[in-house]
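Trainee: I am new to this structure. Could you take one part and walk me through it closely, then show me what surrounds it?

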Amino acid sequence: MSFSRLLQPDLVLGGNVLHVSPALLSQHNLKGLILDVDDTLVPLRQAETNPDLTQWMSQMKAVATIWLVSNNINAHRISRIADLLGVPYLTSAGKPSGRKLKLALAAMNLPANQVAMVGDRLFTDVLAGNRMGLFTILVEPMPGLDQVARTSPVRLLEETISQYLGVTL
């Protein structure tokens, strides 16, 4: 598989994770979600969740098995977020390594083609998900509680390199 194919998300949402819906999961025959945390669910360094995220998570848990898989090594912060949302989690994932994704997938007891990897980064979330055969969804970063979404320079660089390689966003 070419590197550009590994970076190509199956779905590019024009909004944040709150735009992933039960109808979207049904349309793509998805029964599970592996969610990135930093900037996908909450801004980096923030431990409080948006009230809309809590409501969204309740809707999604009714139709899918959900795990959080984060590269973040701050297990206390990620556990706090996971506890607030009522979902299991793994930290220190080292994405694009698939090691922790395999653990979450095994715990879900679902085939890879029925699970989506949802994240805001091409070179970590999308690359890891595609390497594992998951359905990949690229979302915009989650705005902070001050409602200002910030795009990191690293994400912009990833998008520029990916588009040069032929990835369509």
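Mentor: Start with Asp10. At 33% relative accessibility, Asp10 counts as partly exposed. Keep in mind that this is a predicted model. Asp10 forms a salt bridge with Arg5, and the closest N and O atoms are 3.5 Å apart. Arg5 is partly exposed as well, with a relative accessibility of 34%. A search of the whole structure finds five salt bridges.

Now take another of these pairs. Asp36 forms a salt bridge with Lys95, with 2.9 Å between the closest N and O atoms. Asp36 lies in the loop between S2 and H3, and Lys95 lies in the loop between S4 and H5, so the pair ties together parts that are 59 residues apart in sequence. Asp36 is buried, with a relative accessible area of 7%. Lys95 is buried too, at 4%. The cut-off for buried is under 20% relative accessible area.

Asp38 also makes a salt bridge. Its partner is Arg77, and the closest N and O atoms are 2.6 Å apart. This pair links distant parts of the chain: Asp38 sits in the loop between S2 and H3, Arg77 in helix H4, 39 residues apart. Asp38 is buried at 12% relative accessible area. Arg77 counts as buried at 7%. There is also a network: salt bridges that share partners join Asp36, Lys95 and Asp125.

Stay with Lys95 for a moment. A cis peptide bond joins Lys95 and Pro96, with omega at about 25 degrees. Pro96 is placed in the loop between S4 and helix H5, which covers residues 99-108.

Go back to the loop between S2 and H3. Asp39 is found there. Asp39 is not a glycine, yet it has a positive phi of about 70 degrees. Pro43 lies in this loop too, between strand S2 (32-35) and helix H3 (51-61). Pro43 counts as buried, at 13% relative accessibility. The C-alpha atoms of Pro43 and Pro143 are separated by 6.6 Å, although the two are 100 residues apart along the chain. Gln46 is another residue of the loop between S2 and H3. Gln46 is buried, with a relative accessible area of 16%. A polar atom of the Gln46 side chain lies 2.8 Å from the backbone oxygen of Glu48.

Next, the sheet. Six strands make an open sheet in the order S1-S6-S5-S2-S3-S4, with parallel pairing. Strands S1 (11-12) and S4 (89-90) stand at the edges, each with a single partner strand, so one side of each is left without a neighbour in the sheet. S4 runs parallel to strand S3 (residues 65-69), and two bridges join them. Val69 has Leu90 in S4 as its bridge partner.

Look at S5 within that sheet. Five of the five residues of S5 are buried, so this strand is largely enclosed by the rest of the structure. Both of its faces are covered: Val115, Met117 and Gly119 are on one side, Ala116 and Val118 on the other. S2 pairs with S5 in the parallel sense over four bridges. There, Leu35 has Val118 as its bridge partner. S5 also pairs in the parallel sense with strand S6 (residues 135-138), over four bridges. Gly119 stands opposite Leu138 in S6. The chain crosses from S5 through helix H6 (residues 122-132) to S6, and this β-α-β crossover is right-handed.

Two loop residues deserve a look. Asn109 is placed in the loop between H5 and strand S5 (115-119). Asn109 has a positive phi of about 55 degrees although it is not a glycine. At 68% relative accessibility, Asn109 counts as exposed. Gly86 is found in the loop between helix H4 (75-85) and S4. Gly86 is partly exposed, with a relative accessible area of 48%. From Gly86 to Met57 is 8.6 Å in space, C-alpha to C-alpha, and 29 residues in sequence.

Finish at the surface. Phe3, Leu157, Ile161, Tyr164 and Leu165 form a nonpolar patch there, with about 530 Å² of accessible area together. Helix H7 (residues 153-164) gives the most to this patch, with three residues. Ile161 is found in helix H7. Ile161 is partly exposed, at 34% relative accessible area.

Key: Residues numbered from 1 in each chain as written. Predicted model: local features only at pLDDT ≥ 70, side-chain atom pairs only at ≥ 80, totals over all residues. Heavy atoms only, no water. Patch = residues over 30% accessible without salt bridge, like charges linked within 9 Å, V, L, I, M, F, W, Y side chains within 5 Å. Areas by Shrake-Rupley, 256 points an atom, 1.4 Å probe, with all protein chains shown as cover. Salt bridge = Lys/Arg side-chain N within 4 Å of Asp/Glu carboxyl O. Buried < 20%, exposed > 50% of the residue type's maximum accessible area, 1.4 Å probe, protein only. Pairing = 2+ DSSP bridges. Polar contact = N/O pair within 3.5 Å; in protein donor to acceptor, adjacent residues only side chain to side chain. Right-handed = clockwise from strand over helix to strand, strands pointing away.
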